Amino acid sequence: MNPALGWGTTTFLLLLAAVVCHGHVERQEQWEEVPQLGESRFGSLWPLPQNVVISPVAFMLRSSSFQIVHSAESSAGPGCSILQSAFRRYFEYMFGYTKNQGGNTKKGQDSEVTELQVWITSADSECDAYPSVTSDESCEFPEPMNFLIFFTCFLFINKTDVQDFPRFAHRGLLLDSSRHFLPVKVILANLEAMAMNKYNVFHWHIVDDNSFPYESTVFPDLSRKGAYHPYTHIYTPTDVKMVIEFARMRGIRVISEFDTPGHTQSWGKGQMDLLTSCYSGENPTGSFGPVNPILNSTYDFMAKFFKEVSLVFPDTYIHLGGDEVDFTCWKSNPDIQAFMQEHGFDKDFKKLESYYIQKLLDIVGSTKKGYMIWQEVFDNGVKLKPDTVVEVWMGSNYQEELQNVTAAGFSTILSAPWYLDYISYGQDWQRYYKVEPLAFKGTDAQKKLVIGGEACLWGEYVDATNLTPRLWPRASAVAERLWSNQNVTDVGDAYNRLTQHRCRMVARGIPAEPLFVGYCDQEYKGL
Ligand SMILES: *[C@@H]1O[C@H](CO)[C@@H](O)[C@H](O)[C@H]1NC(C)=O
Ligand SMILES: *[C@@H]1O[C@H](CO)[C@@H](O)[C@H](O)[C@H]1NC(C)=O
Ligand SMILES: *[C@@H]1O[C@H](CO)[C@@H](O)[C@H](O)[C@H]1NC(C)=O
Ligand SMILES: *[C@@H]1O[C@H](CO)[C@@H](O)[C@H](O)[C@H]1NC(C)=O
């Protein structure tokens, strides 16, 4: 095969530096534009590629003759599981799931595209590896951009050149499976939607105060006693493996979060003496506070638990939480008071918190994993490994926090302006869209330390019934902000593209909510 094929031949060539580029092959099924919408000169592309030139020259694709193949020069071949899975997925996105091969157009016309060649140019194709923060997601693509479809299995595409790469390496989405249990099916559907929006990190806030659905093999009582239900509302090791593999096939990292020392009520049910006993005067009240930081048994437990977690979750990072620690219970406990005196912490409970976190970080650091933490850990002056990623989440003054974190030389991700669990009337996606993550005072070197951001959907008011429509397409706005060029800021153009992108998600079975009045040619049909 000739890799230098030009237009007018029957082959597309797709150059990929790595296998994790999500591609842009799109299906647009509108016969007419929705009247009140404008037409973007970029059609329905979302997120907008870094460079894209669409020409009026058109090619035809037919499901009966079109195929996606490996270029002879590619460093990956048919043994590449991640590519084979992508080929199948995109073929189905393009032509639907129909087997109908009908057609009355002559085969082999000059204007028909019959082949898409995929050429992985990097020496390491990462076919069997897990994606990482350094994965190369860039690609070049004479991009098929559909503007018309005649029959189910015919589509026309404009000749389009694309060079694309993400602006930020970490484009994450946080889902919370503790406040409400999220069935695996719902998680997989959202990983699929994430890939459609070029998200590449699933931040799995898997346990919290309310329930402990992660089934540990070393400490099975944690979920047996701490989950909402010991076998219907848990993630078994098999479930977790399935989520990780499904994500890998879509270029998505799974970063698990096991938040301590606060947010741990559910841990206490299955692990004796892990939490601090709260006192009223001289007497225990029977209620519990954060993890007990003064017992050796606490650290023995953490070492064993995080050893397991580091093996179960292959990503090189673990999120260790560290947010919102309530000191009331620690303050009430006489043993803790004595420990504070002994260690010269006086009445400064932040020092006790730091003492705990420091020991935890050393434990997790020894598993050779990197860690991410919420901003309080940094704010409290805990000594962090240089590769620590600090997540900035507090709404007030997040620009100054970014400034402080990067001035101290740490990588950071921003989630403060992207808490999607806050909902309101109207098009709040625009507010997320207008955020500029680098709009803080700092040197170029500081700005480089902002490796991305995360949209967060906390689970207090969300379960399988409403998670997906609440998330999409609002999270798509964050996705474009994190992927596209800094100068892609036209809200009107975004509206026109996002409306079509949302209909595309709906056509692919994702119940993404509408942006405003209007319709999709293919409305959501339910399950
Ligand atoms: C695609 O090609 C058609 C037909 O030549 C043209 O009318 C249309 O404007 C092109 N689309 C874009 C987005 O440039
Ligand atoms: C806890 O561990 C420390 C350091 O390893 C040791 O000095 C101390 O005696 C231990 N305390 C108990 C109660 O075992
Ligand atoms: C940033 O650091 C300065 C100087 O230490 C401090 O006064 C300020 O409160 C910090 N800002 C935030 C948001 O923590
Ligand atoms: C954004 O900047 C790039 C060059 O950095 C340019 O090619 C592109 O046309 C610009 N896009 C917009 C929407 O202004």
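This is a predicted model: local features need pLDDT of at least 70, side-chain atom pairs count only at pLDDT 80 or more; totals for chains, interfaces and linings use all residues.

Visitor: What makes Cys80 and Cys127 a disulfide?

Guide: A disulfide is a pair of cysteine sulfur atoms within 2.5 Å, and the S to S distance between Cys80 and Cys127 is 2.0 Å, so the pair is joined by one. Cys80 lies in the loop between β3 (67-70) and α1 (81-95), and Cys127 in the loop between β4 (115-120) and β5 (139-142), so the link ties together parts that are 47 residues apart in sequence. Helices (H or I, at least four residues) and strands (E, at least two) are DSSP runs, numbered from the N terminus.

Visitor: Why is the disulfide of Cys278 and Cys329 called left-handed?

Guide: The torsion about its S-S bond is about -110 degrees, and the disulfide of Cys278 and Cys329 is therefore left-handed. Cys278 lies in strand β11 (residues 275-280) and Cys329 in helix α7 (residues 328-332), so this pair ties together parts that are 51 residues apart in sequence.

Visitor: How many disulfides does the rule give?

Guide: The count comes to 3 disulfides, including the one that joins Cys503 to Cys520, with an S to S distance of 2.1 Å.

Visitor: Why does Cys139 count as buried?

Guide: Buried means under 20% relative accessible area, exposed over 50%, and partly exposed in between (1.4 Å probe, protein chains only). Cys139 has 4% relative accessibility, so Cys139 counts as buried, and Cys456, at 0%, therefore counts as buried too.

Visitor: What makes a set of residues a nonpolar core?

Guide: Its members are buried Ala, Val, Leu, Ile, Met, Phe, Trp, Tyr and Cys residues joined through side-chain atoms within 4.5 Å. The largest such core has 123 residues, and those with the most contacts inside it are Phe258, Phe305 and Trp472. Helix α2 (residues 184-196) gives the most to this core, with 9 residues.

Visitor: How do you know that this core lies between domain 1 and domain 2?

Guide: Domain 1 (8-164) and domain 2 (170-276 + 290-329 + 349-483) both give residues to the core, so it lies between them; the domain bounds come from an automatic or database domain assignment. A second, separate core of 10 residues includes Trp330, Met340, Phe345 and Phe349.

How values were computed: Residues are numbered from 1 along each chain as its sequence is written. Chains are lettered from A and ligands numbered from 1 in the order in which they are written. Side-chain values use heavy atoms; hydrogens and water are left out.
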